[in-house]
Amino acid sequence: MNRRLFIKGSATALPATVALQMLSTRFAYAQDFSGDVDVLNYALTLEYLESEFYRQGNAAGLLSGKDKTYLEAIGADEDAHVAAISQTIEKLGGTPVKAPAVDFGKSFASTTSYLKTAHVFENTGVSAYLGAAGFITNPDILQAAAGIFGVEARHAAIIGELLGLAPEGGVYMGATETAMTKDEVLEAVAPFLAADSGAMAGGAAVTL
Amino acid sequence: MTNNQIFDGQPVIEFDNESDRRNFIKWAGIVGVGSTLVAGGLGKQWASAQGNSDIDILNYALTLEYLEADFYTRGLDAGILSGRDEALVSPIKAHEQAHVSTLSQTITDLGGKPVKKPGFKYPGATFKSKDGFLKTASTFEELGVTAYHGQVTEIKNPDLLAAAASIAGVESRHAAILADLTGGNPFPAPVEKTATMAEVLKAAKPFLK
């Protein structure tokens, strides 16, 4: 059931968005984060998840040609995001969360299942960054988070294209990206977090 | 009119004069492939304070969106795309048109006055071939991405950031797809790059009447 939810949550067709709806985005999620370090640790958890996902997936020997080239580049981007966000948290005097324990189930059973799961991860990542960005107060960190968000959108589009999905609703998700709340994102990724995951199970530096 | 070559020696874009060509190439270099950046964007102010109001910034974005919407309308009308290329580029036109509407409405909502649609001109060969059109499109999209990201720390009203970011993410998708279609690199850096308003307008100037 979780997995279906995960896919359903991020594959929803996005309606054309009017300006005023977008303007309300920030306030809608006002309860989600307590500060920049809190947002960054949330982002770090997601980046850890993605980084490990591509590490395992690319090691599974499923891909060749362009699929392989692109997925390796994407994995390298996620590794870079983990490193950059961890360093930033430390620079701010915070403690980076540990990498969560993960379980990707049958994601690597085939090229298609790998790419399909990657597609959902990337689109969830895009929506997660958009939902969290409004809580960042330091402009330099906002700049970096926005820059990472854009790259996740590139990943999402290319994976949609590798899968040969419909341009609208597969490669692109409408004329504007859609934000997800922290709860929505955590519900979406919950199936991939192992039960003994310290980072998500309630302890650790971030309250999720 | 000279036929200058800019993309890997392939004759793609024809400029009216050498100065226009140089401006475009200079910008293309800013977002060029192969830059390595890991934590470079963190803890460092990329864009210097540019001193524009939020309405100025939104009108700047609106000008670029007008350019993109016009560009894709002409390119698709030229009938040089087919198959998957056409299927992937058609929604981009719709997105740019939606961005024009959203930005205009937002400017009006904030009590500002949206700029009028500028007149545009394109080098003669732009819509003559699929390669010319798509490579110019790729450059436009990368320009749009760096333009939005160059304003992140400039926008004063944080609520506007959500609106701008939701558009910028879509421009990143476009940029990646057009890079893929033209044999470029969809992932030139782990973090999107930025360009100032002055840099972007200089690059866009050859296309403004």
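This is a predicted model: local features need pLDDT of at least 70, side-chain atom pairs count only at pLDDT 80 or more; totals for chains, interfaces and linings use all residues.
Start with the overall make-up. Chain A has nine helices and zero strands. Along its sequence, the pattern reads α-α-α-α-α-α-α-α-α. Chain B has six helices and, again, zero strands. Its pattern is α-α-α-α-α-α.

Of the 208 residues in chain A, 51% count as buried. In chain B, buried residues make up 49% of 209.

Sequence distance tells another part of the story. Take the contacts in chain A between residues at least 6 apart in sequence. Of these, 81% join residues at least 24 apart. For chain B, the figure worked out in this way is 78%.

Now go into chain A. Look at helix H4, residues 36–59, and helix H6, residues 111–133. The axes of H4(A) and H6(A) come within 11 Å and cross at roughly 165°. An angle over 145 degrees counts as roughly antiparallel, and H4(A) and H6(A) are therefore roughly antiparallel to each other. Their crossing is left-handed.

Which residues make this contact? From H4(A) come Val39(A), Tyr42(A), Ala43(A), Leu46(A), Glu50(A), Phe53(A) and Gly57(A). H6(A) answers with Tyr114(A), Phe121(A), Gly125(A), Ala128(A), Tyr129(A) and Ala132(A). Sorted by class, the contact of H4(A) with H6(A) has ten nonpolar, two polar and one charged residues. The spacing of such lists has a background. An α-helix has 3.6 residues a turn, so residues three or four places apart point the same way.

Stay on H6(A) and find Ala133(A), which belongs to this helix. Compare Phe53(A), one of the H4(A) residues in the helix contact. Ala133(A) and Phe53(A) are 80 residues apart in sequence and 24 Å apart in space, C-alpha to C-alpha.

The contact between the chains takes 47 residues from chain A and 45 residues from chain B. On the chain B side, three helices each supply at least two residues: H3 (83–109), H4 (130–149) and H5 (158–181). H5(B) gives the most, with 17 residues. By class, the chain B side divides into 26 nonpolar, 13 polar and six charged residues.

H5(B) deserves a look of its own. It has 24 residues and reaches 35 Å from its first C-alpha to its last. That is close to the 34 Å expected at 1.5 Å a residue. H5(B) is mostly covered, with 22 of its 24 residues buried. Just after the helix, Gly183(B) takes a positive phi of about 75°.

H3(B) can be described in the same terms. It has 27 residues and reaches 40 Å, close to the 39 Å expected. Just after H3(B) comes Gly111(B), with a positive phi of about 85°.

How do these two helices of chain B pack? H3(B) and H5(B) meet at an angle of about 160°, with their axes 11 Å apart. That makes H3(B) roughly antiparallel to H5(B). The crossing of H3(B) and H5(B) is left-handed. H3(B) brings Asp85(B), Leu88(B), Ile92(B), His95(B), His99(B) and Thr106(B) to the contact. H5(B) brings Ala163(B), Ile167(B), Val170(B), His174(B), Ile177(B) and Leu181(B). By class, there are seven nonpolar, four polar and one charged residues.

Finish with Asp85(B), which lies in H3(B). It counts as partly exposed, because it has 16 C-beta neighbours inside 10 Å. Which residues does Asp85(B) contact, leaving aside neighbours within four places in sequence? They are Lys130(B) and Leu181(B). Along the chain, Asp85(B) and Leu181(B) are 96 residues apart, yet their C-alpha atoms are separated by 7.4 Å.

Note on methods: Residues are numbered from 1 along each chain as its sequence is written. Chains are lettered from A and ligands numbered from 1 in the order in which they are written. Two residues are in contact if their C-beta atoms, placed from the backbone, lie within 7 Å. Helices (H or I, at least four residues) and strands (E, at least two) are DSSP runs, numbered from the N terminus. Ala, Val, Leu, Ile, Met, Phe, Trp, Tyr, Cys and Pro count as nonpolar, Asp, Glu, Lys and Arg as charged, and the others, Gly among them, as polar. Axes are lines fitted to C-alpha atoms, for helices over the stretch in contact, and angles run from 0 to 180 degrees between N-to-C directions. Angles under 35 degrees count as roughly parallel, over 145 as roughly antiparallel, 65 to 115 as roughly perpendicular and the rest as oblique. A crossing is left-handed if the near helix is turned anticlockwise from the far one by less than a right angle, and right-handed if clockwise. A residue is buried if 20 or more other C-beta atoms lie within 10 Å of its own, exposed if 12 or fewer, and partly exposed in between; C-beta atoms are placed from the backbone. The expected span of a helix is 1.5 Å times one less than its number of residues.
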